[in-house]
Amino acid sequence: MADLEMAHGSFSKVITFRLKPGTDLEEGLLEACKRENIKNGVIVSAIGSLDGASFFDVVERADLKSGYGYGEPLTLRGPIELTGLSGLVCHDNTGAVNLHVHISMSDRYGNAYGGHLAPGTKVLITVDAVIAEVSGVDMGRELVPELGGLLFAPKQA
């Protein structure tokens with residue numbers, strides 16, 4: 001039997017938006033959630049182009065009890081095709097929006113990359129996105145010291 005934390009709900013609202021050139025991708029997603037007061041949701045889709053990209057991947061970390069965590073940010077330069085974005089719109093224990101976003105992308109040669117979105121990734125031409133609000137679920141993130149970070153902690157609302 002799988003060991004899991006689970007809650008159930010439904011989509012209550014869907015927002016669509018376009019981020020314009022020069023916009024920080026993470027800040028744009030956060031701003032859309034704040035404007036629509038979405039604290040429990042999912043990133044359904046996002047595609048577009050980026051002016052470089054920064055992201056994190058999991059590496060061995062002797063300083064953490066789990067032995068794993070995010071390493072230093074990886075950076076791609078030049079035009080990048082955003083092939084997909086997925087993630088959770090959560091909140092911390094103060095109610096502030098907290099995003100957990102993963103990114104899939106490719107460079108001009110078709111080499112694929114992916115990982116956890118890092119700050120500083122900017123829109124090149126456009127990013128078109130869809131976010132769905134989830135009702136009936138409290139999508140918090142809580143500090144789990146033995147694993148070294150904030151982790152998803154879904155609860156029934």
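A residue is called buried when its relative accessible area is under 20%, exposed when that area is over 50%, and partly exposed in between. The model is a predicted one, and with these cut-offs Lys-13, at 27% relative accessibility, counts as partly exposed.

**Nonpolar core**

- The largest nonpolar core is made up of 28 residues, and those with the most contacts inside this core are Leu-25, Leu-29, Ile-103 and Ile-131.
- Two or more residues of this core come from each of strand 1 (10–19), helix 1 (25–35), strand 2 (41–56), strand 5 (74–91), strand 6 (97–106) and strand 8 (123–135).
- As general background, nonpolar side chains tend to be buried together in soluble globular proteins.

- Because Glu-36 lies in the loop between helix 1 and strand 2 while Lys-13 lies in strand 1, the pair ties together parts that are 23 residues apart in sequence.
- Glu-36 has a relative accessibility of 35%, which lies between the two cut-offs, and therefore counts as partly exposed.

- Glu-31 and Arg-35 form a salt bridge in which the closest N and O atoms are 2.9 Å apart.
- Both residues of this pair, Glu-31 and Arg-35, belong to helix 1, where they are four residues apart, or about one turn of the helix.
- The two partners fall into separate accessibility classes, for Glu-31 is partly exposed at 36% relative accessibility, whereas Arg-35, at 67%, counts as exposed.

- Glu-142 forms a salt bridge with Lys-155, and the closest N and O atoms of the two are 2.8 Å apart.
- This pair links distant parts of the chain, with Glu-142 in strand 9 (residues 137–144) and Lys-155 in strand 10 (residues 149–156), 13 residues apart.
- Glu-142 counts as partly exposed at 39% relative accessibility, and Lys-155 is likewise partly exposed, with a relative accessible area of 36%.

Technical notes: Residues numbered from 1 in each chain as written. Predicted model: local features only at pLDDT ≥ 70, side-chain atom pairs only at ≥ 80, totals over all residues. Heavy atoms only, no water. Core = buried A, V, L, I, M, F, W, Y, C linked by side-chain atoms within 4.5 Å. Buried < 20%, exposed > 50% of the residue type's maximum accessible area, 1.4 Å probe, protein only. Salt bridge = Lys/Arg side-chain N within 4 Å of Asp/Glu carboxyl O.
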